[in-house]
Amino acid sequence: MYNSQYLDEVLTDMQEAKIWYKEQKEGLEVDFAFAIEKAIEKVLKMPTAYSPRYKKVRIAHPKTFPYNIHFYIDEDYKTIVFTAIVHNKRHPKFAVNRI
């Protein structure tokens, strides 16, 4: 399994999304966080199952929420670097500018 690294912005992405979901319905933020966690676990087990989409960035999707998890593989350090967790309607350039 690969190690993981998260850009600081990923935490901000998660916090903002959780706040929004909590405002929609109490407890929905917990479901969102769980779905993201499960998707990240899959990425860490099989990162090459996701094709590069732009530059070297790959995108995973949780099953039940319209979000994209942007990441790239640093083979030298056997690390998956997570760069963004953004709503899928947001332009991909938003996440590209982080790497």
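Biologist: Where is K63 placed?
Modeller: This is a predicted model, in which local features need pLDDT of at least 70, side-chain atom pairs count only at pLDDT 80 or more, and totals for chains, interfaces and linings use all residues. Residues are numbered from 1 along each chain as its sequence is written, and side-chain values use heavy atoms, leaving out hydrogens and water. Strands (E, at least two residues) and helices (H or I, at least four residues) are DSSP runs, numbered from the N terminus. K63 sits in the loop between strand 3 (57-60) and strand 4 (67-74).

Biologist: Is K63 buried or exposed?
Modeller: Buried means under 20% relative accessible area, exposed over 50%, and partly exposed in between (1.4 Å probe, protein chains only). K63 has 76% relative accessibility, so K63 counts as exposed.

Biologist: What distance separates the C-alpha atoms of K63 and I36?
Modeller: Along the chain, K63 and I36 are 27 residues apart.

Biologist: Which residue in strand 4 is the bridge partner of I59?
Modeller: Two strands pair if DSSP finds at least two bridges between them. Strand 3 and strand 4 run antiparallel and are joined by 3 bridges. They form a hairpin with 6 residues between them. In strand 4, the partner of I59 is H70.

Biologist: Which residue in the turn between strand 2 and strand 3 has a positive phi?
Modeller: Strand 2 (residues 52-54) runs antiparallel to strand 3, with 2 bridges joining them. Across these strands, Y54 stands opposite V57, and P52 stands opposite R58. The hairpin has 2 residues between the strands, and the one with a positive phi, of about 50°, is K55.

Biologist: Which are the edge strands of the sheet?
Modeller: The sheet is open, with 5 strands in the order 1-5-4-3-2 and mixed pairing. Two strands each pair on one side only: strand 1 (3-6) and strand 2.

Biologist: What angle does the direction of helix 2 make with that of strand 5?
Modeller: Axes are lines fitted to C-alpha atoms, for helices over the stretch in contact (heavy atoms within 4.5 Å). Angles run from 0 to 180 degrees between N-to-C directions. Helix 2 (residues 28-45) packs on the sheet, touching strand 1, strand 3, strand 4 and strand 5. Its direction and that of strand 5 make an angle of about 145°.
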